[in-house]
Amino acid sequence: MLELAILGNLKQAPVHGYELKKRLEAREAITVIDVREPMEYAGGHIAGSLNVPLSRISQADLPQGALVLVCQSGNRSAKVLRQLLQQGHPHPLSDLEGGI
């Protein structure tokens, strides 16, 4: 069953790895934001993703449109997702369930 988190008028649901892969292959209009630190990102990341570490997310000028947040385990991306929702981020947000 898909669980939806609702905060304000935005809805988000976790994205499973296979679903993200399918959406990226279909060239869906989404941006993957990797919230790990630069050293972790350099060690391997999703092709085309942007590295915006958790420590810098509040100062970042994030792209317009739907965002999928990723990290190693899913903890940091979930934290960023909650933070952005609380700040009233105007675009759809999801996080990769279980990390990369």
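**Close-up views of a predicted model**

The protein chain of this predicted model has an average pLDDT of 88, and 88% of the residues score at least 70.

**View 1. Confidence along the protein chain.** The mean pLDDT is lowest in strand E1 (residues 5-7), at 41, and highest in strand E4, at 98. Residues 1-11 stay under 50 throughout. For this stretch, the model has 18 contacts beyond four places in sequence.

**View 2. The open sheet of four strands.** The strands follow one another in the order E4-E3-E5-E6, with parallel pairing. At the edges are strand E4 (50-51) and strand E6 (93-95), each of which pairs on one side only. In general, strands of a sheet pair through backbone hydrogen bonds, in a parallel or an antiparallel manner.

**View 3. Pairing of E3 with E4.** Strand E3 covers residues 30-34 and is joined to E4 by two bridges in the parallel sense. Asp34 has Asn51 of E4 as its bridge partner.

**View 4. Helices lying across the strands.** Helix H1 (residues 17-25) lies across E3 and strand E5 (66-70). The angle between H1 and E3 is about 130°. Helix H3 (residues 75-86) lies across E5 and E6. H3 runs at about 165° to E6.

**View 5. Surroundings of Thr31.** Thr31 is a residue of strand E3. Its relative accessibility is 19%, so Thr31 counts as buried, the cut-off being under 20%. Neighbours within four places in sequence aside, the contacts of Thr31 are Leu50, Pro63, Ala66, Leu67 and Val68.

View 6. Ala66 counts as buried because its relative accessibility is 19%, and buried means under 20%. Not counting residues up to four places away in sequence, Ala66 touches Ala29, Ile30, Thr31, His91 and Pro92. Among them, Thr31 lies in strand E3. Another of these residues, His91, is 25 residues from Ala66 along the chain, and the C-alpha atoms of Ala66 and His91 are separated by 5.6 Å.

Notes
Residues are numbered from 1 along each chain as its sequence is written. This is a predicted model: local features need pLDDT of at least 70, side-chain atom pairs count only at pLDDT 80 or more; totals for chains, interfaces and linings use all residues. Side-chain values use heavy atoms; hydrogens and water are left out. Two strands pair if DSSP finds at least two bridges between them. Contact means heavy atoms within 4.5 Å. Axes are lines fitted to C-alpha atoms, for helices over the stretch in contact, and angles run from 0 to 180 degrees between N-to-C directions. pLDDT is the predictor's confidence in each residue, from 0 to 100. Buried means under 20% relative accessible area, exposed over 50%, partly exposed in between (1.4 Å probe, protein chains only).
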